[in-house]
Amino acid sequence: MSDKSPDKPKVAFYWCASCGGCEEAVVDLAEAILDVVAKVDIVFWPVAMDFKRKDVESMADGSITATFLNGAIRTSEQESMARLLRSKSQLLVALGACSHLGGIPGLANLFDRASLMQEVYVHPPSTINAEGTLPQTHYQDNGHSVELPALHETVRSLDQVVDVDYYIPGCPPTPKTFLAAVQILLGSELPVKGTVLAPDCALCDECPRKDTKPEKPVFTEFKRPQQMLVDEEKCLLAQGLLCMGPGTRSGCEALCVRGNMPCSGCYGPTSRVRDQGAKILSCLASLVESKDEAEIDRVLSTIPDPVGTFYRYGLPGSLLRRKKPGVRQAPLPSR
Amino acid sequence: MLSRQPSASETSQAKFEPRIVAFFCNWCTYLAADLAGTSRMKYAPNVRVVRLMCSGRVDPQFVLDAFAHGADGVFIGGCHPGDCHYQEGNYKTLKRYHLLKRVLKEMGIEEDRFRLEWISAAEADRVRTAINQMVEKVRDLGPLNLELKDLENAYAEEVLV
């Protein structure tokens, strides 16, 4: 892609438990990617270029200037790649919500491995698996031995496995967020270790509907966008919609809100908040209008899935991290 | 299906003393606890009291952080409805409590580990009975084991399949 030059910073990209959207965000830089590529040497990027693990293994420790790793850590392979890339890189950057906080795959922490295996391989309506065959990590056939990565019980964010230098938030990070972060990293002065490379204020601050936000929105019901005709100008909270904006870091330029959909919280919390879900829960619950216990319960029951809503992108990175281990699981809902 | 391990929990059950973190409001429940003390009432010594200006100051993060740092139960004490020194603080607590309870349940934390009580400055006996009740209930439930080191140990020891 570019001439190998000793003075250009070497950059690597890798993905773990993720959907590929963060890789897409890199490609979405469009022409701007050429500026980035002119300044760096890409030494590892399996999704776009032909590199193998052994290429990374043969590099000297610390020889990669920066690795952008997206995806949460669930399998033994992801864990070992994360460790390998950590040792080869001067800077390890968690790219995207999964790597930053656990992301959508992190919602698997509401279940245990055994019940997930049953759900995926034994019970799906389109599968007949009377013997209950499950994937194996080792398989021997005709003298050939085949190995598959093993699955951990818990999904973890990248920093729960290896030391992380910086974070780029978002599901996926917008090209603008990614580019701004790369420019910061290419700059002469690096920010404090652990910095999330996006503005440090709530999304409401850059929301185009900011001026229509009442001082105190009140809720008599939490509505969902499909239940109503959503006004395109007015603050979504004022319309009774559950918008995560007040509890979410800005930087995406309120893309979802511009599309007339409430924020679902993918940029994670600001630096003053440790647990995004708890904080937005606190905010929204206290905006319930009624003071009567039964009515409070009724209004709150219009949030059908509080954990999936408030921790959609950050269950592994939250204070509790996962459902209490060893608790007997409720059976998964049948279809 | 995961079964409880009888040997481990039973042996720890015998010695198990629950650790309860209690957030008391400065104007009502803390004064009631103070009164219980000056009245020489005895209640279970398992409670670590944190005094806050208002129960409305209890950020749900405090509750989760307490559980994540080894608390087996969390108790919030505030003024009776209508009595809040700041007019509405305890109503905010009530609303957050109702939603947080649902989150905790989904996260596998038993309902009896999290309790909200309205206790006025005069109700010293209510402090005693509410705390004693809670300690007994949590003792029956056993340790929560949500401390980070427990999770890390579980992670290190798990058998990969």
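Chain A contains 11 helices and 9 strands. With a radius of gyration of 22 Å, close to the 20 Å that the globule rule gives for 335 residues, chain A is as compact as a globular protein of that length. Its C-alpha atoms fill a box of roughly 65 × 60 × 30 Å along the principal axes, and buried residues account for 41% of the 335 residues. Among the contacts in chain A that join residues at least 6 apart in sequence, 76% are between residues at least 24 apart.

Two places in the loops of chain A may be described individually. A:Met49 is located in the loop between strand S2 (41-44) and helix H3 (53-57) of chain A, and it is exposed because 11 other C-beta atoms lie within 10 Å, where a residue with 12 or fewer counts as exposed. A:Met49 and A:Gly96, which are 47 residues apart in sequence, are 20 Å apart in space from C-alpha to C-alpha.

For the complex, the predictor gives an ipTM of 0.91 and a pTM of 0.91.

Helix H3 of chain B, residues 60-68, is mostly covered, since 7 of its 9 residues are buried. These buried residues are B:Pro60, B:Gln61, B:Val63, B:Leu64, B:Ala66, B:Phe67 and B:Ala68. They pack against elements of both chains, namely helix H9 (276-285) of chain A and, within chain B, strand S1 (20-25), strand S3 (73-78), helix H4 (89-106), strand S4 (114-118) and helix H6 (148-157). Just after H3(B), B:Gly70 adopts a positive phi of about 110°.

One of the buried residues of this helix, B:Phe67, also belongs to the largest nonpolar core, which has 131 residues. Within this core, the residues that touch the most other members are A:Leu69, A:Leu281, B:Ile20, B:Phe67 and B:Val74. Domain 1 and domain 3 of chain A both give residues to the core, so it lies between them. When neighbours within four places in sequence are left aside, B:Phe67 is in contact with A:Leu320 of chain A, and with B:Val74, B:Ile109, B:Leu144 and B:Leu146 of chain B.

B:Gln87, which is not a glycine, has a positive phi of about 70° and is found in the loop between S3 and H4 of chain B. With 10 C-beta neighbours inside 10 Å, B:Gln87 counts as exposed. B:Asn145 likewise has a positive phi, near 55°, and is placed in the loop between helix H5 (124-141) and H6 of chain B. Because B:Asn145 has 17 C-beta neighbours inside 10 Å, it counts as partly exposed.

The confidence of the prediction can be stated for chain B, which averages a pLDDT of 90, with 89% of the residues scoring at least 70. Over residues 1-9 of chain B, in contrast to that average, pLDDT stays under 50, and for this stretch the model has 6 contacts beyond four places in sequence.

Technical notes. Residues are numbered from 1 along each chain as its sequence is written. Chains are lettered from A and ligands numbered from 1 in the order in which they are written. This is a predicted model: local features need pLDDT of at least 70, side-chain atom pairs count only at pLDDT 80 or more; totals for chains, interfaces and linings use all residues. Helices (H or I, at least four residues) and strands (E, at least two) are DSSP runs, numbered from the N terminus. A residue is buried if 20 or more other C-beta atoms lie within 10 Å of its own, exposed if 12 or fewer, and partly exposed in between; C-beta atoms are placed from the backbone. The radius of gyration is taken over C-alpha atoms; the globule rule is 2.2 Å times the number of residues to the power 0.38. Two residues are in contact if their C-beta atoms, placed from the backbone, lie within 7 Å. A nonpolar core is a set of buried Ala, Val, Leu, Ile, Met, Phe, Trp, Tyr and Cys residues joined through C-beta atoms within 7 Å. Domain bounds come from an automatic or database domain assignment. pLDDT is the predictor's confidence in each residue, from 0 to 100.
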